[in-house]
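Here are a few exercises to work through with the model open beside you. Try each task before you read its solution.

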Amino acid sequence: MTLTNSNNVLNLADLQQKMDETIFDYIDSKPNWNKAYIILDEMLEQMTKYFLTVVESKGALPKPTTYWVLFMELSAKLIYFTTLALK
């Protein structure tokens, strides 16, 4: 599962959709905690790698734009639900 577009930028709309589908399918509707964890953890790893790549390439944290505020909001939700599925 790749969440980046052709410009190698993380597609936040796709990420949000995939996260919502996973939460609905494997946590809300018919709980399958292991499957939810596997999918969410993979997404979290991709987000972390993407963020670290951006920070390393710029040599600093990104400026607080709408994109990065949304990125951090989605990151927080993803961390929450990944931890929930793990426990």
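Helices here are DSSP runs of H or I with at least four residues, and strands are runs of E with at least two. Keep in mind that this is a predicted model.

**Exercise 1.** Check whether the span of helix H2 agrees with its number of residues.

*Solution.* Start with the range: H2 covers residues 33-58, which is 26 residues. At 1.5 Å a residue, the helix should span 38 Å. Its end C-alpha atoms lie 37 Å apart, so the two values agree.

**Exercise 2.** Find the buried residues of H2 and say what covers them.

*Solution.* Apply the cut-off first: buried means under 20% relative accessible area. The buried residues of H2 include Ala36, Ile39, Leu40, Met43, Leu44, Met47, Tyr50, Phe51 and Val54. Asp41 and Gln46 are also among them. An α-helix has 3.6 residues a turn, so residues three or four places apart point the same way. Next, look at the cover, which includes helix H1 (12-29) and helix H3 (66-86).

**Exercise 3.** What share of the chain is buried?

*Solution.* Of its 87 residues, 31% count as buried. As for the surface, the chain exposes about 5,800 Å², with carbon and sulfur atoms supplying 57% of that area.

Conventions: Residues numbered from 1 in each chain as written. Predicted model: local features only at pLDDT ≥ 70, side-chain atom pairs only at ≥ 80, totals over all residues. Heavy atoms only, no water. Buried < 20%, exposed > 50% of the residue type's maximum accessible area, 1.4 Å probe, protein only. Areas by Shrake-Rupley, 256 points an atom, 1.4 Å probe, with all protein chains shown as cover. Expected span 1.5 Å × (residues − 1). Contact = heavy atoms within 4.5 Å.
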